Amino acid sequence: MQRVLSGIQPSGDVHLGNLLGALQNWVADQHTHESFHPIVDLHAVTVPQDPAELQTATLRLAQMLMASGLDPDICVLFVQSHVPEHTQLAWVLECTAGFGELRRMHQFKDKSADMDFVCAGLFTYPVLQAADIVLYDTDVVPVGDDQRQHIELTRDITQRFNARYGEVLVVPEHRIPPAGARVMDLQEPTRKMSKSADEAPGTIWLLDEPDTVRRKIRRAVTDSEAEVRFDREAKPGVSNLLEILGAATGRSPQEVAAGYDRYGELKNGCAEAVVELLAPIRRRFDELSTDPGETQRALAAGAETAGEIATATMARVREAMGFLPRG
Ligand code: TYM
């Protein structure tokens, strides 16, 4: 069985982009792959986090992932900081990654652009991500389009490590879904839907009420033409709705476009598909919220399983690199 790994940050709530670009594919994969899903709290602290809020957000994210369909009985759901080997491997991979290649990362450039203080961790963030992946001998990394460059970097670092120390690490591949890989903000469809969007009207949260979803989609920015056609460059707003509806119903945006003549109908169809997709998630989240202990137990079991594999990989890495065993 191939092994899949993909993580998500506990900063802000989960939005529709996370669900369509990543999460719903993880849910499908868990039946056909050995699946590992860390909640990457160490990545979240590359920007300041309120300690009490981080704790709450981490547990809430675990509940949200389980509500979305990740089943901790068949996949390994865990908190990154519970497995210390992530940072141990990150250090040795930092000694394999080039300063120049990290400086070329788009996400670093975008995120650091408006910051007064840029911590070193934000710069080395993609190497910690590489460690998350190779620690578990991952074959495939299912992610949204914004992570493509990070996974390519992971491959480069891993290949360089293996060239130096022998075939120690598995070189992973990314998998980006045909629809939903890049869900855009509904109000500014040239910007990706994101957790840190200041304005909520362009972001659909997993726990939004049906009427809120309908309102946000009805008000989504389109264009002054009247033709329903998939063309990201010329028609970003309409294309985004087609992409959302396609990803929510397992079709390509082009197939979806063939079924609509008017923007109003497309918006209604899109809103109803999203409402239907989110309804069971909200229900299950409410149930899980009544018993946080259940989620905490699942995370503890996940960390146990993850820790065993992580320990074995680090032992291989230490031996290959020539670190003296403790004796
Ligand atoms: P994060 O937490 O920003 O996002 C989690 C997943 O959601 C996808 N995604 C989107 N997909 C489509 N449209 C969007 N608008 C959208 N926004 C987010 C992301 O591509 C991602 O798959 N660095 C990663 C977390 C990470 C990770 C890893 C991922 C840490 N270690 C190891 C894979 C493997 C991040 O910040 O994702």
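At roughly what angle do the axes of α1 and helix α12 cross? In this predicted model, the axes of α1 and α12, the latter spanning residues 263-289, cross at roughly 75° and come within 12 Å. Angles of 65 to 115 degrees count as roughly perpendicular, and α1 and α12 are therefore roughly perpendicular to each other. On the α1 side the contact is formed by Leu 16, Leu 19, Leu 20 and Gln 24; on the α12 side it is formed by Val 274, Leu 277, Leu 278 and Ile 281. By class, this contact has 7 nonpolar residues, 1 polar residue and no charged residues.

From α3, the residues in contact are Leu 59, Ala 62, Gln 63 and Met 66, while α13 contributes Pro 292, Thr 295, Gln 296, Ala 298 and Leu 299. The contact of α3 with α13 divides into 6 nonpolar and 3 polar residues, with no charged ones.

By class, the lining of the second largest pocket comprises 4 nonpolar, 5 polar and 1 charged residues.

The largest pocket contains about 1500 Å³ of space. It is lined by 49 residues, of which Gln 107, Lys 111, Asp 146, Gln 147 and Lys 192 are the closest to its centre. At least two residues of the lining come from each of α1 (16-29), α6 (106-113), α7 (120-134) and α8 (148-165). In terms of residue class, the lining of the largest pocket has 16 nonpolar, 23 polar and 10 charged members.

Rolling a probe the size of a water molecule over the atoms shows where empty space is left. The structure holds 1 cavity of 30 Å³ or more, and the largest cavity has a volume of about 60 Å³. Gln 107, Phe 108, Lys 111, Leu 122, Tyr 125, Pro 126 and His 150 line this cavity, with α6 and α7 being the elements that give two or more residues. The lining of the cavity is made up of 4 nonpolar, 2 polar and 1 charged residues. Gln 107 and Lys 111 line the cavity and are also among the residues closest to the centre of the largest pocket.

A pair of aromatic rings is described by the distance of the centres and the angle of the planes. The structure holds 5 aromatic pairs. One of them joins Phe 36 and Tyr 136, a stacked pair with 5.2 Å centre to centre and 25° between the planes. Phe 36 lies in strand β2 (residues 34-39) and Tyr 136 in the loop between α7 and β4 (140-142), so the pair ties together parts that are 100 residues apart in sequence.

The loop between α7 and β4 also holds Asp 137. Most residues other than glycine have a negative phi. The phi of Asp 137, however, is near 50°, a positive value in a residue other than glycine.

Definitions and conventions
Residues numbered from 1 in each chain as written. Predicted model: local features only at pLDDT ≥ 70, side-chain atom pairs only at ≥ 80, totals over all residues. Heavy atoms only, no water. 1 Å grid on protein atoms, 1.4 Å probe; cavity = no way out; pocket = protein on both sides within 12 Å on 5 of 7 lines; lining within 4 Å. Points joined across faces, edges and corners; volume = space filled by probe spheres on them. Helix = DSSP H or I, 4+ residues; strand = E, 2+ residues; numbered from the N terminus. Nonpolar A, V, L, I, M, F, W, Y, C, P; charged D, E, K, R; others polar. Contact = heavy atoms within 4.5 Å. Phe/Tyr/Trp six-rings, centres within 6.5 Å; stacked < 30°, edge-to-face > 60°. Axes fitted to C-alpha atoms, helices over the stretch in contact; angles between N-to-C directions. Parallel < 35°, antiparallel > 145°, perpendicular 65-115°, else oblique.
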